[in-house]
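Biologist: Hi! Could you walk me through this one in plain words?

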Amino acid sequence: MSQIKFGTDGWRGIIAEDFTFSNLRLAAAAAANYILKHEDPAKGIVIGYDTRFGSRDFARAAAEVFASAGINVTLANDYTPTPAVSYAVKHRNHAGGVMITSSHNPASWNGFKYKASYGGSARPAIIQSIERELGAPLPRPANKGTITEGDLKADYIAALRQFVDLAAIARSGFKFGIDCMYGAGRGVLSGIF
């Protein structure tokens, strides 16, 4: 096992070097144990992923770990911006969430971001609790959790439309250039406008 160390917003590593399926499952199990001990696991979690190599498969693997611990999972049915996962956690009242992304890091990296029950980045105390669970076995519940694929972008886009004065932007006459650099936000802004 490569060293898994959570930093700002989660754990990141180089794909196939330290960000492997084996290590990802350890991180997911630690987060699942945290939820079982400190949150209401009956609220389930949400998992999203970005456009990086393997992100969808990593998200599915993480979902399987949470489900094996008896936690229901809503898994994004498409790549999703990180704020949409945060919004889904809060808006749908989940126990927490995971985003498979390495944000601004180079394309050879990926990451496991944990979103707390309030939708934002986990506080240091939560991250420390998750790290203490690394390597701890998961309980074997009588009933496994479910994995349900769902759209995480629609509610987020609807919230953006209410939050932003689109009519004022349209009246401004400004022209905008948007470069999402193949990121998970591609299509979101152009779809709104």
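Modeller: Happy to. At 30% relative accessibility, aspartate 78 counts as partly exposed. Keep in mind that this is a predicted model.

Biologist: Which side chain does aspartate 78 meet in a salt bridge?

Modeller: Aspartate 78 pairs with lysine 153, at 3.1 Å from N to O. Lysine 153 sits in helix H5 (residues 153-163), while aspartate 78 is in the loop between strand E3 (73-76) and helix H3 (82-91), so the pair ties together parts that are 75 residues apart in sequence.

Biologist: And lysine 153, buried or exposed?

Modeller: Lysine 153 is buried, with a relative accessible area of 14%.

Biologist: How many salt bridges does the count come to?

Modeller: The count comes to nine salt bridges. Among them is one between lysine 5 and glutamate 131, whose closest N and O atoms are 3.3 Å apart. Those two come from distant parts of the chain: lysine 5 is in the segment before strand E1 (10-14), glutamate 131 is in helix H4 (residues 124-132), and they are 126 residues apart.

Biologist: Why does lysine 5 count as exposed?

Modeller: Lysine 5 counts as exposed because its relative accessibility is 53%, and exposed means over 50%.

Biologist: Which residues are linked in a network of salt bridges?

Modeller: Asp9, Lys113 and Lys115 are linked that way.

Biologist: What about arginine 52, which side chain does it meet in a salt bridge?

Modeller: Arginine 52 meets aspartate 50, with 3.2 Å from N to O. Both arginine 52 and aspartate 50 are buried.

Biologist: Let's change topic to serines. Where is serine 102?

Modeller: Look in the loop between strand E4 (96-100) and strand E5 (109-115); that is the place of serine 102. Serine 102 counts as buried, at 0% relative accessibility.

Biologist: What does serine 102 touch?

Modeller: If you leave out residues up to four places away in sequence, serine 102 touches Arg12, Asp50, Arg52, Trp109, Asn110 and Gly111.

Biologist: Nice link! And where does serine 86 lie?

Modeller: Serine 86 lies in helix H3. It is buried as well, with a relative accessible area of 15%. Apart from neighbours within four places in sequence, serine 86 is in contact with Lys115 and Gly119. Lys115 is also part of the salt-bridge network with Asp9 and Lys113.

Biologist: Which residues are buried in H3?

Modeller: In H3, the buried residues are Thr82, Ala84, Val85, Ser86, Ala88 and Val89. Their cover includes strand E2 (45-49), E4, E5 and H5.

Biologist: So how do H3 and H5 pack?

Modeller: Their axes are 9 Å apart and the angle is about 90°. H3 and H5 are therefore roughly perpendicular to each other. On the H3 side the contact uses Pro83, Ala84, Tyr87 and His91, and on the H5 side Asp155, Tyr156 and Ala159. By class, that contact has five nonpolar, one polar and one charged residues.

Biologist: What follows H3?

Modeller: Asparagine 93 follows H3, and its phi is positive, near 60°.

Biologist: Now the other helices. At what angle do H1 and H2 cross?

Modeller: Helix H1 (residues 21-38) and helix H2 (residues 55-68) cross at roughly 40°, and their axes come within 9 Å. That makes H1 oblique to H2. The crossing of H1 past H2 is right-handed. H1 brings Phe21, Leu24, Arg25, Ala28, Ala29, Ala31, Ala32 and Ile35 to the contact, and H2 brings Asp57, Phe58, Ala61, Ala62, Val65 and Phe66. Sorted by class, twelve of these residues are nonpolar, none is polar and two are charged.

Biologist: And at what angle do H1 and H4 pack?

Modeller: H1 and H4 pack at about 115°, with axes 8 Å apart. H1 passes H4 in a right-handed crossing. Here Ala30, Ala31 and Tyr34 in H1 meet Ile126, Ser129 and Ile130 in H4. This contact has five nonpolar residues, one polar and no charged.

Methods. Residues are numbered from 1 along each chain as its sequence is written. This is a predicted model: local features need pLDDT of at least 70, side-chain atom pairs count only at pLDDT 80 or more; totals for chains, interfaces and linings use all residues. Side-chain values use heavy atoms; hydrogens and water are left out. Axes are lines fitted to C-alpha atoms, for helices over the stretch in contact, and angles run from 0 to 180 degrees between N-to-C directions. Helices (H or I, at least four residues) and strands (E, at least two) are DSSP runs, numbered from the N terminus. Angles under 35 degrees count as roughly parallel, over 145 as roughly antiparallel, 65 to 115 as roughly perpendicular and the rest as oblique. A crossing is left-handed if the near helix is turned anticlockwise from the far one by less than a right angle, and right-handed if clockwise. Contact means heavy atoms within 4.5 Å. Ala, Val, Leu, Ile, Met, Phe, Trp, Tyr, Cys and Pro count as nonpolar, Asp, Glu, Lys and Arg as charged, and the others, Gly among them, as polar. Buried means under 20% relative accessible area, exposed over 50%, partly exposed in between (1.4 Å probe, protein chains only). A salt bridge is a side-chain nitrogen of Lys or Arg within 4 Å of a carboxyl oxygen of Asp or Glu.
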